[in-house]
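Biologist: Before I use this model, I would like to know what stands behind the labels. Please take me through them one at a time.

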Amino acid sequence: MGAELRRLERRGWCVLHSIPLADKVDVDHLLIGPGGVFSRNTKHHYKRAVWVGDDSVKVDHGKPAPYARRSRAEVKRVARVLERFCGFSMPVEPVLVFVGVTDLQVAATQLSVRVYREREVAALALLSGVLTAERVEQVYSVARHRQAWSYVRPTAT
């Protein structure tokens, strides 16, 4: 996973790790670059099969997990912090990354969350046209201050 994130950094992206939020949860990784801002949520399911639908995820055909819904709620919190402290609207996209899975099937037709295996995250490096280098640095400057994150609580989903 570290190699994938370093590939992004070589392409002008900034990466923050484990950003603590006010209610004892964290943002696994925040990716800020020319292609925008992405809140990456990592799920470890070693040697398991994962199926992703429009609003649910099943591991080995088990009970649906709310990963997509939680990722969408997380990006709303991230966007509120960035907007508050950057002074401009900042759309944030959710990304679910599955580590160690034997199979990943995405059956979603209207999925609002990007879904990758751990070795596919560097594909975000190809995205551009959303943030200038100056805006990347401005957003990164705000995002790396831990105190900013303690002010924004979750909203009802």
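Biologist: In what sense do S4 and S7 pair, and over how many bridges?

Modeller: This is a predicted model. In it, strand S4 (residues 49-52) and S7 pair in the parallel sense over four bridges. Pairing needs at least two bridges, so four bridges meet the definition. One of the residue pairs is Trp-51 with its bridge partner Gln-105 in S7.

Biologist: What makes S5 and S7 edge strands?

Modeller: The open sheet of three strands has the order S5-S4-S7, with mixed pairing. Strand S5 (57-59) and strand S7 (103-106) each pair on one side only. The twist averages 10° from one strand to the next.

Biologist: Why do S1 and S8 count as edges in the sheet of five strands?

Modeller: That open sheet has the order S1-S2-S3-S6-S8, again with mixed pairing. Strand S1 (14-20) and strand S8 (114-117) have a single partner strand each, so one side of each is left without a neighbour in the sheet. Neighbouring strands are turned by 30° against each other on average, direction ignored.

Biologist: How do you know that S1 and S2 pair?

Modeller: Six bridges join S1 to strand S2 (residues 26-33), and at least two are required, so they count as paired. The two strands run antiparallel. Leu-16 has Leu-30 in S2 as its bridge partner.

Biologist: What does helix H3 touch in this sheet?

Modeller: Helix H3 (residues 133-143) packs on the sheet through S1, S2 and strand S3 (36-44). The direction of H3 makes about 160° with that of S2.

Biologist: Which residues touch the most other members of the largest nonpolar core?

Modeller: They are Leu-30, Ile-32, Val-37, Leu-82 and Trp-149, out of 24 residues in that core. S1, S2, helix H2 (67-86), H3 and helix H4 (146-149) each supply at least two core residues. The largest share, six residues, comes from H2. Val-37 has contacts with Leu-30, Ile-32 and Leu-82, among others. In soluble globular proteins, nonpolar side chains tend to be buried together.

Biologist: Why is Glu-4 called buried?

Modeller: Its relative accessibility is 2%. Buried means under 20%, so Glu-4 counts as buried. Glu-4 is found in helix H1 (residues 2-10).

Biologist: What lies 3.2 Å from a polar atom of the Glu-4 side chain?

Modeller: The backbone nitrogen of Val-121 does. The cut-off for a polar contact is within 3.5 Å, and 3.2 Å falls inside that distance. Glu-4 also touches residues including Glu-118, Arg-119 and Ala-122.

Terms used. Residues numbered from 1 in each chain as written. Predicted model: local features only at pLDDT ≥ 70, side-chain atom pairs only at ≥ 80, totals over all residues. Heavy atoms only, no water. Axes fitted to C-alpha atoms, helices over the stretch in contact; angles between N-to-C directions. Contact = heavy atoms within 4.5 Å. Buried < 20%, exposed > 50% of the residue type's maximum accessible area, 1.4 Å probe, protein only. Polar contact = N/O pair within 3.5 Å; in protein donor to acceptor, adjacent residues only side chain to side chain. Core = buried A, V, L, I, M, F, W, Y, C linked by side-chain atoms within 4.5 Å. Lists of a residue's contacts leave out its neighbours within four places in sequence.
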